[in-house]
Amino acid sequence: MEPMPQIVAHGTLDYAELASLGLSPDEVHVFSSNINPYGPPPAVVQAVQAAVKPTTISRYPDRLAMELRRAVARLHQVPEEAVLAGNGTADIMWLIALLFAPDARVAIVSPTFGEYENVASLVDAQVIQPCHPGWERREDGRYTPGATTLDELGEALAEQTPRLIFLCNPNNPTGHHLSPDELERLHSFAPESIWVVDEAYAEFTPTPWSASRWIDQGDWIILRSMTKDFSLAGLRVGYAVGSPHLIQAMQVAQPPWNVNTLAQIAGTTALDNLAWRAETTARLRQETEALRQALQAAGMAPLPTSTNFFLLPVEDATQVRQALVQQRILVRDCTSFGLPNYIRIATQRPEENRLLVEALQALQGDAS
Ligand SMILES: Cc1ncc(COP(=O)(O)O)c(C=O)c1O
């Protein structure tokens, strides 16, 4: 008998698991999904509240999401035809796979976000997984910090000539951020491929930048989730900025009306509140450093990061996650990334961060 297909593991709340533990989402401390804990911006909440009225609910949304796309086009300084709105960026990944990956060779620079492999496999792509710089893949499929260089990754891409390349920058779960020079160099090894660069976490870094500057020089699709930095995960909104012929093909194939009216309003208002994002992400960077230092002081060895989450080496990630769930603390078990000896921690507010450090310290004490 064929094995039952499994849903891809993510760090988001597992409502079935919470129900089995008799917990509601408000009763847990969520370090497992990488959402800005200070959001959403108050102006977004007000705009959405003001829009909740019978006409907004009963009318179809603007299927071209014109206002939102106009705001994105202004921000990235690209024409509106280069922008597609999505019901989150996971939605756009499905569209990319459907249009460009069937039976094609698809490179997924790994270890990384699991949805790329999921969408590519479901359309029978031939998936290859070259390694991120600074990591190595072992024979058993696990990843360890290692000596892979940027040029070695480039050479692997040049050799395989994939139609599509998925690159997460900064990368989930490692937190590593390639600079414009590094990505430009990498692109030169495979200039004919369609490069999908997922920038879900770019705005959390000290030096945010976007590959959207290159959409006229090759085939690029840049993904920007608004669910993380603006904290809009429940409403679902994100966008792609890309080479116009790719964006046009995606616009035609996208299911109609899939970005709902409230999500469009939330997205447009959020882009009017860039100062809020800059201020909260700067605060989070300081708190991430403080949390890493507190863990180090407690004898742990968190990995460096450029963003709002980081990896922490542990004996057995599944066991650590289970032990913390009992204390209503959720962390990401990284086994599904090929990292069974790491948990991923997304920085929360200082009082929650303190709880996590204490809980991890107590676990260390239990183990010794
Ligand atoms: C790298 C990365 N890209 C995209 C997503 C999905 O984002 P969205 O909520 O925009 O679908 C996630 C969610 O965890 C992610 O980690």
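## Basis of the model

Because this is a predicted model, local features need pLDDT of at least 70 and side-chain atom pairs count only at pLDDT 80 or more, while totals for chains, interfaces and linings use all residues. Residues are numbered from 1 along each chain as its sequence is written, and side-chain values use heavy atoms, with hydrogens and water left out.

The whole structure holds 12 salt bridges, a salt bridge being a side-chain nitrogen of Lys or Arg within 4 Å of a carboxyl oxygen of Asp or Glu. One of them joins R321 to E17, with the closest N and O atoms 2.8 Å apart. R321 lies in helix α12 (residues 317-325) and E17 in helix α1 (residues 15-20), so this pair ties together parts that are 304 residues apart in sequence; helices (H or I, at least four residues) and strands (E, at least two) are DSSP runs, numbered from the N terminus. R321 is buried at 17% relative accessibility, and E17 is buried at 16%, where buried means under 20% relative accessible area, exposed over 50%, and partly exposed in between (1.4 Å probe, protein chains only).

E27 and R328 form another salt bridge, their closest N and O atoms being 3.8 Å apart. This pair also links distant parts of the chain, with E27 in the loop between α1 and β1 (29-30) and R328 in the loop between α12 and β12 (329-330), 301 residues apart. E27 is partly exposed, at 33%, and R328 is partly exposed as well, at 39%.

## A local pair and a network

The side chains of R138 and D140 meet in a salt bridge with an N to O distance of 2.5 Å. R138 is partly exposed, with a relative accessible area of 37%, and D140 is partly exposed at 47%. Elsewhere, salt bridges that share partners join E199, E203, R224, D229 and R277 into one network.

## A negative surface patch

E136, E152, E155 and E159 form a negative surface patch. Patches are made of residues with over 30% relative accessible area and no salt bridge, like charges being joined within 9 Å and nonpolar side chains (Val, Leu, Ile, Met, Phe, Trp, Tyr) within 5 Å. Helix α7 (residues 150-160) gives the most to this patch, with three residues. E155, which is found in helix α7, is partly exposed at 44%.

## A buried leucine

L291 has its place in helix α11 (residues 274-297) and is buried, at 3% relative accessibility. Leaving aside neighbours within four places in sequence, L291 is in contact (heavy atoms within 4.5 Å) with F310, I345, T347, N353 and V357.

Methods:
Accessible areas come from the Shrake-Rupley method with a 1.4 Å probe; for residues, only the protein chains shown count as cover. Lys and Arg count as positive and Asp and Glu as negative; His and the chain ends are not counted. The place of a charge is taken as NZ of Lys, CZ of Arg, CG of Asp or CD of Glu.
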